[in-house]
Amino acid sequence: MSRKILVLPGDGIGPEITAEAVKILNACRDTGLGITLEDGLVGGAGYEAFGEPLPAETLDKAKAADAILLGAVGGPQWDKLEDISKRPEKGLLGLRKNLNLFGNLRPALLYPQLAEASSLKPDVVSGLDIMIVRELTGGIYFGQPRGIEERDGQRVGFNTYVYSESEIERIGRVAFEMAKKRSGRLCSVDKANVLEVTMLWREVMERLSADYPDVELSHMYVDNAAMQLVRAPKQFDVIVTGNMFGDILSDAAAMLTGSIGMLPSASLNESGQGMYEPCHGSAPDIAGKGLANPLATILSVAMMLRYTLNESALAERIERAVGSVLDEGLRTADIAYEGTRKVTTTEMGDAVLEAFRAQR
Ligand SMILES: NC(=O)C1=CN([C@@H]2O[C@H](COP(=O)(O)OP(=O)(O)OC[C@H]3O[C@@H](n4cnc5c(N)ncnc54)[C@H](O)[C@@H]3O)[C@@H](O)[C@H]2O)C=CC1
Ligand SMILES: CC(C)CC(=O)C(=O)O
Ligand SMILES: [Mg+2]
């Protein structure tokens, strides 16, 4: 059986990092994995070619794919587009919404070799392994009404933070199931002291907990959660939260692992189809310079193997290959420190490929 993988490099560092991840996918195919790869355009690249950040052709290919590997979208050259529907980021949001990829898994795992690269002291982060479960197709990024309009002689910008009970329940179940498989601890992050939508969020999480007696549910306000993540992150195992809070908290959690270039993600729908991408953006400040860390994208391939292709052994092989390259002291600039060997994006990708091939 051959599974279809759609590769969407996107913009900025997107093409550089996906090229390294595709080398690993090809190496997986060489081991006998039945996959076929196809390319597509999204984001600024889609806009330049077709006038749309999510061209119809790309959406059709995405719907037909078993899994999608995405680099990143966006860049300053598109920030001035007045029609917000044409901005690269809308291409990514459109893919998530159209494919119903509501379940976003963002594991913040510290490779022990990177303890010194973490923003926190080694003893505060050693053994860190947090899973952030972020709702991805609802909340304030998608709520209506939204816009900027004239009111009483001045312009007013507005967005709507909305969640239905069913949207909260389905992401809650993903998180409870995840917690059940891990430590049995789930922390739901909200702002229920101020926002009605998250009062409902908290109520639904409480109701769901009756179905998961083995999971210990706690609640935390998002401002405290941000503080606790940088104070004592190991208190967390699984965190479940809404779209915007999850976006912000996962970037903060990334720095505990050494760099945003280390954080992979999976975005899943109810039929197991998934989109896999690093948590970072298109990093225009370093694009084209060979400085981007490709490991988050390579580790996203491992997540693809685990969550969509049911190939856990290959996923572990990739993760071990990353570990062995870090053991050798190879570091892209974002995770380099004294005593390590600085390498380019391509050199890092090639080293992981070699380590992958050497593993059994
Ligand atoms: N999933 C996506 O496609 C996302 C797209 N964006 C878009 O990306 C563009 C830039 O956004 P920023 O806020 O600057 O966020 P960013 O994540 O692109 O960059 C933030 C900082 O992290 C660094 N960085 C990011 N990825 C890295 C990697 N793999 N290796 C080494 N360093 C890395 C960058 O150099 C920069 O200093 C914007 O257009 C934004 O809308 C932002 C976040 C996610
Ligand atoms: C375009 C953004 C909403 C993407 C982002 O920052 C993310 O998903 O982490
Ligand atoms: Mg983000």
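The model is predicted: local features need pLDDT of at least 70, side-chain atom pairs count only at pLDDT 80 or more, and totals for chains, interfaces and linings use all residues. Residues are numbered from 1 along each chain as its sequence is written, while chains are lettered from A and ligands numbered from 1 in the order in which they are written.

**Overall fold**

- The protein chain contains 12 helices and 14 strands (DSSP runs numbered from the N terminus, with H or I over at least four residues for helices and E over at least two for strands).
- Its radius of gyration, 20 Å, is close to the 21 Å that the globule rule gives for 360 residues, so the protein chain is as compact as a globular protein of that length; the radius is taken over C-alpha atoms, and the rule is 2.2 Å times the number of residues to the power 0.38.
- Buried residues make up 49% of the 360 in the protein chain (buried: 20 or more other C-beta atoms within 10 Å of the residue's own; exposed: 12 or fewer; partly exposed: in between; C-beta atoms placed from the backbone).

**Domains**

- Domain 1 covers 1-102 + 282-360 and domain 2 covers 105-268, with bounds from an automatic or database domain assignment.
- In contact across the two domains are 21 residues of domain 1 and 22 residues of domain 2 (contact: C-beta atoms, placed from the backbone, within 7 Å).
- On the side of domain 1 that touches domain 2, the elements giving two or more residues are α4 (88-98), α10 (295-307) and α11 (312-327).
- Of these, α10 gives the most, with six residues.

**Ligands**

- Around ligand 1 there are 23 residues, of which Gly74, Gly261, His280, Gly281 and Asn293 come nearest (a residue counts as near if its C-beta atom, placed from the backbone, lies within 6 Å).
- Both domain 1 and domain 2 give at least three residues to the shell around ligand 1.
- That shell has 11 nonpolar, eight polar and four charged residues (nonpolar: Ala, Val, Leu, Ile, Met, Phe, Trp, Tyr, Cys and Pro; charged: Asp, Glu, Lys and Arg; polar: the others, Gly among them).

**Met205**

- Met205 lies in helix α7 (residues 196-209).
- With 25 other C-beta atoms within 10 Å, Met205 is buried.
- Apart from neighbours within four places in sequence, Met205 is in contact with Gly172, Ser188 and Leu217.
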